Structures are given as C-alpha cells and as structure tokens.
Amino acid sequence: LQEVTASSRHYVDRLFDLDPQKVLQGVIDMKNAVIGNNKQKANLIVLGAVPRLLYLLQQETSSTELRTECAVVLGSLAMGTENNVKSLLDCHIIPALLQGLLSPDLKFIEACLRCLRTIFISPVTPEDLLYTDATVISHLMALLSRSRYTQEYICQIFSHCCKGPDHQTILFNHGAVQNIAHLLVSTSYKVRMQALKCFSVLAFENPQVSMTLVNVSVDGELLPQIFVKMLQRDKPIEMQLTSAKCLTSMCRAGAIRTDDPCIVLKTLPCLVRMCSKDRLLEERVEGAETLAYLIETDVELQRMASITDHLIAMLADYFKYPSSVSAIADIKRLDHDLKHAHELRQAAFKLYASLGANDEDIRKKIIETENMMDRIVNGLSESSIKVRLAAVRCLHSLSRSVQQLRTSFQDHAVWKPLMKVLQNAPNEILVVASSTLCNLLLEFSPSKEPILESGAIELLCSLTQSENLALRVNGIWALMNMAFQAEQKIKSDILRGLSTEQLFQLLSDSDVNVLMKTLGLLRNLLSTRPHIDYIMSTHGKQIMQAVTLILEGEHNIEVKEQTLCILANIADGTTAKELIMTNDDILQKIKYYMSHSNAKLQLAAMFCISNLIWNEEEGSQERQDKLRDMGIVDILHKLSQSSDPNLCDK
C-alpha cells in the first residue's frame, strides 16, 4: 500500500498549493488519472483527497472552473466501487453538492447534478437524504428548465429516489407530473427515457398519480397516447418496457379500462414479446413480472395472454435457458445470467400464478407444461426467499382447481414440501402457504389424510394465535375444512389442539372473517349425531356459553344465522338436545329470533325448533309441551300467514 500510495500522494499534495492556478491544474491531472482506474480512485480516497476536494468545492474564493472540476473528480470517484460511495457519504458530500445547486453557473450546476445522480443511483445511498430539506425538491423542479443535462440528471435522481407512497406524494405535490410531462417529447432520447422512468415509478400502485396522468396532454396529445407510441416495436426495448409499465400501473389503478385497446392490443402483446428467449435476462424478468401484475385480477386479460405467442410454453424456457441466444457468445454475460437465473424462475412462477388465477383450462395447460409440478416442488425449497414465495403463489393459484387437487397434486405429493415451507417461514410466505393448505384440506382432496398425519393440526392451531390477521383467518379456515365430514378422532384432536380459551379468543376476535370461520368450524365439528352427542358431552358447557355470547353481542345477520345453525345442529343430537331444553335463556333467544324482522334468522330459529320436536324421538312429547307453554305454537300460526313462501312452508 505504501508504495502505491506514495506514487499517488503528489496528486493530493498539489491540492494544498498556495497558487490557485497550480491547484486547478492538480485537480485536472487528478481527473485524468482516476478515469476508469478503480485502484487509483481507492488510493486517493485513502490519502484523504475527498475532504479537500469538498472544501475547495464549497469555498466562495474558489474560481467557478475549480469548483466545477472538483465536482467532476468527485463524480468520477463515485463511479467506482460501493465502498467509494460510502466514503463520500461519510464526508457529507450530499449537503455540499445540494448547496452547489444554488450557484448561478450552469456548468457547475450540471457537474453537481451529475455527481448527485451517480451517488443516488448507488444501492448504498439512503433515498431519504433527498427529502431531508423540503426546499430541495422545489429547487430541483425549478432547475428542470435549465438544460437537457439538468433534465436528464434530475429525472434520473427522482426515479431512483422515489420508493413508496410517501415519496410519490412529495414529488406529486411539488408538481412532478406537470414539470416532467413535456420532457416526454424532448429531442434528446436520454431525457425522454429518464422522464418515462419517472412516470413509471410515480404511477406504480398509485391511483392518485395514475388518475392524473390520464388527463394530461403534451402538444395536444394525451399521455396514454404518447406511452402507446413509445411501445412500438421500432423503439428501443427499455423504452417499450418502461412505457408498458406506465400503462400497466394506470390500468391497475382503474385509470384505463382493462378492455381498452391500448391495453389489449398494445400493452399486453408488448409485454408478452419481452418474455421471448431472444430477449436479455433483465428484460424477460421485467416483462414477465409486469405482465403478471397487469393480468393478476382480470380473467379476460388472463385468457388473452395465455393464447398470445404460446406464452405458457415460452415461460417453460425460463427454467432452461437463462441466457438469450444472442448473449451466449459473451462469456461475461453468460456468467452474469447463470448467477441471476433464479430471478427468471421467480418471474415465471409469478406469471403462471396470475395466468391460472381464475380459469380452469389455463391451469390445466400450465400443469401439463413439461415437468411443471416438479419445478414448483423444487422452487419451494430454493434458497432464495423470493423464488420460494413465487413458487408458493403459483401452487396456491393452481390449488384452486378441484381437478388438479385430485390428480397432479396427489401424484407429486405436493403437501410434503408445502408442510416443510410452513415450518418457520416468514409471514408473507406463511400467508400464501397456509391459503394453499386450506385448499389441500378440502374434503375431496386426497392429500387430506397424509397432511393430518404430518402434524397439521398443531401447526394450524398455532397459526390461529398469530398477531397477523391473514394467518389467523387461514389457520381457522384450514381447521374448518379439515373438520368437514371428518371422523370423530380428528374432531376431538382439533378441539384439544385449540383449547377452550383459544376458541373463546377467536369467537371474540375483532375481525368478522375470523369469527365466521370459527363458527363454520364449530358447525362442522357438530355434525352427525354420535359426534354431536360426544362433543357436547365433553365441551357442552363451553359451547353453549359461546353461543349465548354471540347471540347477545352486536353482530351482523350472517354471524347470528351461522350461530343459530350451530344450535340447530346441537338440537339434532340425541342427548345433546337436553342442553338446549334445560337452558331457558337459550330457548327464549330462539323464540325471539322466530319473530325477528330478518327472514334468514327466522328460518334458522325454526330449524332449531323442528329438530327438537320430531315425534319419533324419545321425550318428544315433553319437549313439545314445554315449547307450547312458551308460546311457540302461536308464533308458528302467525308465521304460516307470512308473505314469504319459505317461512310459510317451514
């Protein structure tokens, strides 16, 4: 190090010369020495060149030429490694450069902006540094009109520093849309491209921005039309892709209809083209991910994409050919693509998940793609969390198909890797994996038995205690599916695994979804007579308490109806019905709901009564007498005059 730094020391020494002319020449020589030379850059940083350059840059007495050359050298140092950028940040380079933007000299401003751009596009720079002082954004907006370079660099800074809704709102409120729109028709390609990138990050998942963009026009042409022109095949790929992203965001925000020709005939086909194996890895990844987002919630777009350019088969190549044919000759490129092949797999799984979200025929096509199930199973155990998440999403989408649950899912024992994923995965994976498990536990799914044997009850009961709402819902939902038409042992295991306390916890959950699924679980547990009698003999007191709790609470009609259906199931038991007949409070509640204003609740209450009074059952006479004394018969007479035919019949 000493030898190397000795040969670089004279560059730094000259920065301290008393003659301003020699200092300027020293900075210019330093600039020429560091261009493209990472070793030299590192040496000069170690020798302390940065604080001195920043000092000269900020000195009022420095000539504008000197200050500009200092900004250029600093920009060159920032072009090196991430460590270089960290060293520059540690010396507080950003406030110094932002201060420099207040200068009247355009060349100096451009040099400061170029350096800022280089620093902000580095992954080690925190975006928030741009927003610490509120005046910075408005000053940058004002500088947009100065030159094509200020336009290019400022748009690039904005598009790199706009992460999430807070940043989008700040830029939007400072007039980003109005200030940047006209740059889309600039004579400079770089300016057009950076402006387009700005719009793609501003509009992403942002309805406010998207709704505004639809109505903005430049030179008499609306923005969506300008974006469509930029999608055409003769435009550079990055321009096609970025404008497709803008139109996709606008479509997802509801600013453009899903059946608008600019989506159906332009955006969708353009994104499918990006998935071809002639494209570079990054383009294929971005194309597939954007297309997955575009079609995620619209079945017509899913159908259209699935029959465009053999897309489903084209995606199979994502698992086989990380490099495009044209890139194979380039060894460096090949090495890069092999390292990033997992990104392709992730993108393919995401797009398959969107394609198969609704249509049975598309799912069948996806599953029949060569080795598809094996690929998903492998994806579930990959080291990259993004690939695992995308593979689970894909599996979840395909698990909505009854046909596939009975066939492919069974043949590949998909439940095994899925149960493994559920052991200590992060929440975002758990939510999708547990949703998939809900589907695998439906009564017609052959996977149900082996899943039970692999300790699923314990796992699902623990999910119902999660802080995360989606996990609580999925845990209880899966237990509800598991209990449907299950044998008594499984039902007892579920009740044991949940514990009475947890059951009450779930019944008093603030989320109505959790409550409904818990009631659904109870209803499934209390089906078929022997089971009803057995469960009520072990948990009767607690279940009756729970029913009372809900019928007395402030709940919606669906919740009350489901609860009355549970009572009707209990009334269907042989010994269990005594728990109702000896509970005057519950009987009064049934009577109350028979005269309720809502017909659904009246019907459910009458089910309870009819299950209590079957003539052929032992003790029916005493039960009928008791109900008659309570005035139930009078209510029935009144209901037989009802205008509702269902009530009348019942």
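What is the relative accessible area of Ser499, and is this residue buried, partly exposed or exposed?

Tutor: Ser499 has a relative accessible area of 29% and therefore counts as partly exposed, a class lying between buried (under 20%) and exposed (over 50%), for a 1.4 Å probe and protein chains only. The model is predicted, so local features need pLDDT of at least 70 and side-chain atom pairs pLDDT 80 or more, while totals for chains, interfaces and linings use all residues. Residues are numbered from 1 along each chain as its sequence is written, and side-chain values use heavy atoms, without hydrogens or water.

Ser499 sits in the loop between helix H33 (488-498) and helix H34 (500-507), helices being DSSP runs of H or I of at least four residues, numbered from the N terminus. Its phi is near 70°, a positive value in a residue other than glycine. Thr528 belongs to the loop between H35 and helix H36 (529-552), and with a relative accessible area of 46% Thr528 is partly exposed.

Once residues up to four places away in sequence are set aside, Thr518 touches Ile476, Leu503, Leu506 and Leu507, where contact means heavy atoms within 4.5 Å.

H35 also packs against helix H37 (residues 557-571), the two axes coming within 9 Å and crossing at roughly 15°; such axes are lines fitted to C-alpha atoms over the stretch in contact, with angles from 0 to 180 degrees between N-to-C directions. The crossing angle makes H35 roughly parallel to H37, given that angles under 35 degrees count as roughly parallel, over 145 as roughly antiparallel, 65 to 115 as roughly perpendicular and the rest as oblique. On the H35 side the contact is made by Val512, Leu515, Met516, Leu519, Gly520, Leu522 and Arg523, and on the H37 side by Glu558, Val559, Gln562, Thr563, Cys565, Ile566 and Asn569. By class, the residues of this contact of H35 with H37 are 8 nonpolar, 4 polar and 2 charged, where Ala, Val, Leu, Ile, Met, Phe, Trp, Tyr, Cys and Pro are nonpolar, Asp, Glu, Lys and Arg charged, and the others, including Gly, polar.

Apart from neighbours within four places in sequence, Leu567 is in contact with Met544, Val547, Leu551, Ile580, Ile586, Ile590 and Cys608. Ile590 of H39 and Cys608 of H40 also take part in the contact between those two helices. Helix H39 (residues 584-594) and helix H40 (residues 599-612) have axes that come within 7 Å and cross at roughly 135°, and H39 and H40 are therefore oblique to each other. The H39 residues in this contact are Leu587, Ile590, Tyr593 and Met594, while H40 supplies Leu601, Gln602, Ala605, Met606, Cys608, Ile609 and Leu612. The residues of the contact of H39 with H40 divide into 10 nonpolar, 1 polar and no charged.
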